[in-house]
Amino acid sequence: MANLTVNGEKRTFSGDPNLPLLWYLRDEVALTGTKFGCGVGVCGACTIHLDGEAVRSCLTTIAMADGKSVTTIEGLSPDGEHAVQKAWRQLSVPQCGYCQAGQIMQAAALLTKNRAPSDEQIVEEMSGNLCRCGCYQRIHAAVRLAAGGV
Amino acid sequence: MILKDWKPETASLSRRRFLQASAAVGGGMLIGWVDVAGAEPGSAPAAEFSPNAFIRIGLDGKVTVISPSIEMGQGTYTALPMLVAEELDADMAQVTYGIAPPSDKLYGNPAVGGAQLTGGSNSVRGFYKPLREAGAAARQMLVAAASEKLGVDATELTTEKGEVIHAKSGQRIGYGALADAASKLPVPDKVVLKEPSQFRIIGTPVKRLDASGKVDGTAKFGIDAQVPGMKVATVAASPVFGGTLASVDEAAALAVPGVRQVIKIDDAVAVVADHYWAARKGLEAAAPKFNAGPNASVTTADVVAALAKASERDGAVGKSVGDAAGELGKAAQRLESVYENPFLAHAAMEPINCTVHVTPEGCDIWVGTQVPANAQLAASTALGIERDKVRIHNHLLGGGFGRRLEFDFIVQAVLFAKQSKDPIKIVWSREEDIQHDMYRPYYYDRISAGLDPKGELIAWKHRIVGSSIMARFFPAAFQNDLDSDAVDGAIELPYDIPNVFVDYVREEPPGIPTAFWRGVGPTRNCFVVESFIDELAAAAKKDPVEFRRQLTAKHPRARHVVERAAELSGWGTPLGERKGRGMALLFAFGTYLAEVAEVSVNDSGEVHVDRVVSVVDCGQVVNPDTVKAQLQSGIIFGISAALWGEITLKNGRVEQSNFDNYRVLRIDEAPKIEVEIVNNGEAPGGIGEPGTSAVIPAVANAVFAATGVRVRKLPLKADLLRAT
């Protein structure tokens with residue numbers, strides 16, 4: 001039995017404790033903003049916040065989330081106005097958009113820890129998140145913009 | 001799975017399309033095309049007006065453009081609405097997009113033979129005129145409605161930002177208030193389009209219309225489909241192409257909590273469950289075994305050996321000017337090289353998926369596809385039901401790159417779903433996605449050229465050997481054994497060479513399906529041509545930029561991008577030890593592009609691309625911000641391929657499986673990219689693919705400049721480039 005909070009809502013799950021949060025969120029809770037990319041923690045598309053830390057939900061089991069708070073892209077901001085989301089729109093960052101929820105969750109967690117990351121810190125923090133459309137230059141610029149306040 | 005003997009729906013030349021308008025359900029105006037089969041030019045349209053076609057103007061003034069092309073990142077859901085909005089004089093803040101249902105007739109792209117197909121950098125090129133005409137016709141009707149309403153002559157009225165304006169009286173009426181009346185007026189026979197100097201939207205950097213959903217998690221991709229009663233399934237197909245399913249431990253799969261059903265088809269098994277994880281566990285428990293079939297021992301080396309042998313055959317002639325063979329014989333200096341392009345997977349971020357519900361009444365399919373009309377036809381053929389009983393609900397594509405031009409996975413999903421009473425969402429694992437792709441074919445090119453005593457290029461001979469994608473995908477483009485894609489980017493060179501001979505030899509690899517990949521033919525050919533041009537420059541003891549400059553004297557657009565890219569890159573200034581610059585020039589998709597890559601090669605031979613300068617002349621630019629984004633995107637995509645991209649076969653099986661061994665570029669490996677756009681009002685060229693095509697040889701040439709090693713076989717493997 002796992003008790004967790006998802007986007008502020010208390011939930012209980014009594015099935016397989018090894019169920020990755022990715023599939024719990026997508027298939028059980030129908031929160032499809034968190035994306036499946038590789039299933040082995042190398043692409044970052046499934047990044048969510050677990051007690052505020054960016055984690056790969058494909059490698060995080062529901063048992064590991066017991067007693068913790070999960071935030072997905074849908075819960076990052078009630079109106080899509082998180083500084084990172086605003087910066088992303090302002091710079092037209094997304095292309096296909098599939099990896100963007102993971103990128104945004106990673107960037108938001110970074111800015112919570114570090115309000116003014118250096119260019120090197122941005123690159124290091126974002127290097128686990130793949131983007132096949134190659135939006136990297138804009139992702140970098142948008143993180144910097146969000147850090148400066150949009 | 002591959003459909004054999006498949007023929008896509010081809011466009012009928014006798015078909016005519018007419019603009020027609022009608023009232024919208026719930027108020028407002030619709031304008032779009034009706035299709036009349038076999039109609040003579042000038043005859044009146046007889047078909048029912050389709051309420052889905054193209055443009056809707058609501059009572060609130062909102063303009064919805066049903067985009068005939070599908071969005072997969074390239075920005076088409078912004079660029080195509082901009083074309084309509086320009087001639088309509090709409091306010092971009094009031095403009096939105098919709099996804100088109102399947103119909104070649106209504107949404108076929110004139111640039112691709114009238115097929116409803118998004119690919120080949122054709123969307124803006126194909127719809128530049130028709131969408132503007134539709135917008136202009138709607139505007140004229142709104143003006144006519146305002147003229148009636150105000151009792152003034154239409155010539156006294158102007159339009160701006162979604163309003164008709166009568167300057168004399170100071171009256172302004174919003175389009176929403178005119179839409180009902182306008183919908184009842186006749187559609188003008190002829191419309192006058194704006195001159196580029198009158199553009200207010202085209203050529204300006206408009207923010208993406210699809211960005212909001214993509215940053216707040218509400219954007220729906222195929223994999224996000226939610227259907228009541230839906231189960232989730234995952235699949236294992238024969239690891240050897242052409243193999244069949246031998247056995248499955250069904251009981252073991254069903255013993256996994258949450259597993260509901262095991263479904264078998266000829267070459268694959270699906271485990272259906274309450275959620276993907278249970279399906280995955282169930283599939284592992286099922287431990288499917290396969291009969292490998294005739295391709296059980298195929299290796300990449302076999303494929304390459306067959307291509308090398310085929311390269312000794314004469315091919316279908318793609319171009320013959322002057323006497324290339326004769327002049328080569330007389331040349332003062334003669335160079336000959338073999339170039340190889342490997343198999344590549346697409347590896348879009350969204351793994352292959354398809355949700356299907358088959359009922360006695362028909363079939364619903366939720367998917368992201370580049371070819372909705374063909375997908376509908378393929379599904380109806382697989383089910384043996386009428387085409388209109390298959391409903392395709394198309395979604396955003398989490399990357400296409402050519403993979404979602406194919407419908408193998410849709411047919412597979414339909415065959416599984418036929419055996420399920422519940423709707424099923426089939427999601428391939430990343431491993432399944434990489435190992436059951438349809439791959440960019442392996443190509444083997446023999447190229448030779450001759451220089452005269454002054455180092456002038458006098459003769460050029462290029463033989464291209466590989467799989468014909470067109471022969472399968474679009475037979476009309478495979479005539480007399482010549483594949484138009486295979487030679488694209490090899491026969492219309494932006495260079496002045498007096499004697500040219502290019503031919504193509506078709507050689508199909510055993511046991512591996514082939515398909516289009518970003519940049520299609522030009523991506524392969526640009527690597528060969530531009531690497532070889534660099535070899536010739538070195539042989540002629542000329543600077544690679546100067547060599548290209550001299551060859552482009554009769555191609556001013558090409559010469560301009562070469563000169564600007566050289567200038568912006570600081571060409572000729574020193575970079576340091578094991579660093580170098582390389583240039584490549586591309587003319588393809590109606591676009592001229594020069595790219596200069598700067599690389600560093602470390603002592604272990606690993607290449608880092610530090611900077612790419614890109615100067616593009618794609619004629620009339622619709623959205624400069626998208627043009628920049630597409631070049632940035634294409635360059636990153638191409639660098640991944642240049643440095644690491646390679647699919648190999650062993651025992652008939654693809655050896656790569658996930659992003660850990662099919663490596664793609666990360667942000668810490670990405671170069672600084674600079675883009676300059678030449679906006680010269682020429683016909684619009686394509687922009688989704690050129691960036692990828694040109695950067696691969698630019699990087700290879702830069703590696704030569706840095707190390708002196710000429711790599712003629714991609715990817716640029718480190719073991720060839722180690723410091724000695």
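This is a predicted model: local features need pLDDT of at least 70, side-chain atom pairs count only at pLDDT 80 or more; totals for chains, interfaces and linings use all residues.
Colleague: Is helix 14 of chain B mostly covered or mostly uncovered?

Modeller: Mostly covered, since 18 of its 20 residues are buried.

Colleague: Where does helix 14 of chain B bend?

Modeller: Helix 14 of chain B bends at B:Cys526, by about 30°.

Colleague: What span should helix 14 of chain B have, and how far apart are its end C-alpha atoms?

Modeller: Helix 14 covers residues 520–539 of chain B, and at 1.5 Å a residue its 20 residues should span 28 Å. The end C-alpha atoms are 30 Å apart, which agrees.

Colleague: Changing topic, how many residues of chain B are in contact with chain A?

Modeller: 48 residues of chain B, in contact with 47 residues of chain A.

Colleague: Which helix of chain B gives the most to that side?

Modeller: Helix 17 of chain B, with seven residues. By class, the side of chain B that touches chain A has 26 nonpolar, eleven polar and eleven charged residues.

Colleague: And which domains does the assignment give for chain B?

Modeller: The domain assignment gives domain 1 (15–204), domain 2 (222–293 + 352–427) and domain 3 (301–343 + 439–721).

Colleague: How many residues do domain 1 and domain 2 of chain B each bring to their contact?

Modeller: The contact takes 14 residues from domain 1 of chain B and 14 residues from domain 2 of chain B. On the domain 1 side, seven are nonpolar, five polar and two charged.

Key
Residues are numbered from 1 along each chain as its sequence is written. Chains are lettered from A and ligands numbered from 1 in the order in which they are written. Helices (H or I, at least four residues) and strands (E, at least two) are DSSP runs, numbered from the N terminus. The expected span of a helix is 1.5 Å times one less than its number of residues. The bend at a residue is the angle between axes fitted to the seven residues ending there and the seven starting there. A residue is buried if 20 or more other C-beta atoms lie within 10 Å of its own, exposed if 12 or fewer, and partly exposed in between; C-beta atoms are placed from the backbone. Two residues are in contact if their C-beta atoms, placed from the backbone, lie within 7 Å. Ala, Val, Leu, Ile, Met, Phe, Trp, Tyr, Cys and Pro count as nonpolar, Asp, Glu, Lys and Arg as charged, and the others, Gly among them, as polar. Domain bounds come from an automatic or database domain assignment.
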